[in-house]
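The sequence and the structure are shown first, and the explanation follows.

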Amino acid sequence: MTVTDSPRQDTDAHYKVWDVAGYADVPRETKVGLFEQVKADLRFGDYLYGCYECGICVGACPSAKFYDFSPRRIAQAAAREDVDLIYQQMQEDIWDCSQCFSCLRCPRGNNPGGIVTIMREVAVRNGLASAKQALVGYSRIIFKIMSTGTQVSPDMLGKDSFPDWGPETADVADNLDLWRRALPPETMHTTTTGWSVAESTLIELYLIWMETGALDMIAEVDPGLYTILKELMEERLEEAGFVS
Amino acid sequence: MTIPVAALRRAKAAEEPVADRRALEDPRAELLELERQGELIVQRIDREAISVTTKYGREKRIQKSHLWHHKSCGQCGHIPGYSTSIFWLMRKLGYDYHDPHDQTSCTGWNYYASATSNPAAQAAVAVRNFAAAYETGYFPLIHCGTSYGHYKEVREELIRYPELRAQVRAVMAKLGKPLVVPEEIVHYSEWVHALRGEIAAKLVRDVSGIVVSVHPACHYHKVVPGDAIYDPDIYGGQRTAVVTGLVEALGATVHDYSTWFDCCGFGFRHILVQRDFSRSFATLRKIEVMKEEANPDVVLTHDTGCVTTLDKSQFAARAHGRNVGLPVMSDAQFAALALGAHPYRVCQLHWHSADYRPLLEKMGIDWERAWAEFQSDLRRLESGEKRYLDWDDADGLNDDNGPH
């Protein structure tokens, strides 16, 4: 065990007490286990080198201007192996990150945004409450990208989907099929995908999701979506001659 | 402690150089070495190319023609005039290209939003697309800034981690494809930048009175930053040269603003499920600052998410009486307009939200006539005269009165 002791959470002002945190405490061994998964990621050693305490990452960070979020705290908690704070961050902070990688301005070469990416993956794999909460409303997008190979489709611009984008978006929805047929590139006459993706390409994509464990990652965080996608992919792969 | 303090102290005491693994100095050279070792295949640039300089001085070559267009799901899906303008520019300059069906999205938007993937899957998706391009003989040109940044990350990971290469190679073997990576990962805005002289030579509209503010895309110049194009003659080499270099070549004026480094507010997951953040950041930190400090006629940027966020976020802010109201489009759309492209048939500005019409008027474009022409096109589709419009329609070659 390389993890150092950290202060008791209920007596240290740096940590929220559990009854206001909004999620349950877990045994310390669980927190250690989660952080060990973060550290085991092959990228982790290239994302963390130390910290000058300069705050340049915070100054550059859009999420720090809007949320109680700090890329400096992400880097420092990881460097100190402060598993209590890391657990708190995995339950709250990581989903505030914009993944813009402005924090790569770090003069020490840290990649706090990259550490967040790894922490998010671990949160998803382990079905943490924060991951489930963050992905509420996101299932249809995961379904779209994993099943069709393009994430953003024209028919997502429904009349009620983006009311804050103005009446022009409703015009798109009203004229969708006609306006798509007016596009000069023949690959873009689609409404349910960004462009026309070949059937053989989709089969290859499904193989990638299954062979790399990407599909299995969502089993914990969204079991219903996992079942739907798994059945869809297995059926298509079987039709294409791949034994499931 | 996770930081290898003891090892660093030992190295310092022995006056040994400590390897800096933060960025690869020359990823191209690393790829060629891995190819020599039989680890992967490098797709070579095999047509005429233009040399440009990257942030730390490495030379990068941009192939001019015979390009495999790696489309963007966000562009094709929600701002299709962005993709169409890139194709149109390439056709206008007379360079051949391939617009594939055998292409998936990089899936990076979902990855950065939800983390429901992993490095092996992301690398395999990238390499599958690279292999699809390699099979055609066309060289990849990446439309999306996030795809470009993400693929650079993937390339770094494939170079650094042998275990990842082995995993991806095994997956690709099941697909019957090799592990192939292009010699350079090229963003379309780099192609536009490299060819800005040829583009400017075909200018048909006077844009000297147009003031532009530029938003450099985060995933272009912050992710694997050493690969972005810099030029000592543009911002003194202190900021990426793409987009700004094009604007200057076309003869328009760039007005700077203090929050140029800030992101647009896209946030990946935020733009889809937490847009209060995206709207606030895009308008308070970008659009309002641009208006107050630079007062441009148009905001130009070079990535899918940035055009979407900066354009779409203004409607709600206007309802709150904020100082917004700037048209937003890509460098490719602006260049296409300057070269005479139709604002609706090619640039598809009716998919945008902020009012672009004052800009068109200032560029000398009769948008009312252009809209009437587009409506006439739509009637032809509705009547069944044609199922789809094509490039001849886009250039007005099928108009009753000839080209627009």
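Chain B of this predicted model has an average pLDDT of 95, and 94% of its residues score at least 70. For the model as a whole, the scores are ipTM 0.93 and pTM 0.94.

The contact between the two chains may be considered next. Chain A contributes 72 residues to it and chain B contributes 79. On the side of chain B that touches chain A, helix α6 (residues 119-136) of chain B gives the most, with six residues. In composition, this side of chain B comprises 37 nonpolar, 22 polar and 20 charged residues.

Helix α6 of chain B also has a partner within its own chain. Its axis and that of helix α7 (residues 145-160) of chain B come within 10 Å and cross at roughly 110 degrees. An angle from 65 to 115 degrees counts as roughly perpendicular, and α6(B) and α7(B) are therefore roughly perpendicular to each other. The crossing of α6(B) with α7(B) is left-handed. On the α6(B) side, the contact is made by B:Pro119, B:Gln122, B:Ala123 and B:Ala126; on the α7(B) side, by B:Tyr151, B:Val154, B:Glu157 and B:Leu158. Of the residues in this contact between α6(B) and α7(B), six are nonpolar, one is polar and one is charged.

Helix α5 (residues 71-80) of chain A packs against helix α7 (residues 112-125) of chain A at an angle of about 70 degrees, and their axes lie 9 Å apart. That angle makes α5(A) roughly perpendicular to α7(A). The two helices, α5(A) and α7(A), cross in a left-handed manner. Helix α5(A) brings A:Pro71, A:Ile74, A:Ala75 and A:Ala78 to the contact, while α7(A) brings A:Pro112, A:Gly113, A:Ile115 and A:Val116. Seven residues of the contact between α5(A) and α7(A) are nonpolar, one is polar and none is charged.

The description now returns to chain B and its sheets. Three strands of chain B form an open sheet with parallel pairing, in the order β5-β4-β6. The strands β5 (97-98) and β6 (139-142) of chain B stand at the edges, each with a single partner strand, so one side of each has no neighbour in the sheet. Strand β4 (residues 67-70) of chain B pairs with β5(B) in the parallel sense over two bridges. Within this pairing, B:Leu67 has B:Tyr97 of β5(B) as its bridge partner.

Another open sheet of chain B consists of four strands in the order β9-β8-β10-β11, again with parallel pairing. Its edge strands are β9 (253-254) and β11 (328-330) of chain B, each of which pairs on one side only. Strand β8 (residues 211-215) of chain B joins β9(B) through two bridges in the parallel sense, and B:Val211 stands opposite B:Thr253 in β9(B). Helix α15 (residues 304-312) of chain B packs on this sheet, where it touches β8, β10 (298-301) and β11 of chain B. The direction of α15(B) makes about 165 degrees with that of β11(B). Helix α17 (residues 331-338) of chain B, for its part, lies across β10 and β11 of chain B and runs at about 85 degrees to β11(B).

Note on methods
Residues numbered from 1 in each chain as written. Chains lettered and ligands numbered in written order. Predicted model: local features only at pLDDT ≥ 70, side-chain atom pairs only at ≥ 80, totals over all residues. Axes fitted to C-alpha atoms, helices over the stretch in contact; angles between N-to-C directions. Parallel < 35°, antiparallel > 145°, perpendicular 65-115°, else oblique. Left-handed = near helix turned anticlockwise from the far one by under 90°. Contact = placed C-beta atoms within 7 Å. Nonpolar A, V, L, I, M, F, W, Y, C, P; charged D, E, K, R; others polar. pLDDT = per-residue confidence, 0-100. Pairing = 2+ DSSP bridges.
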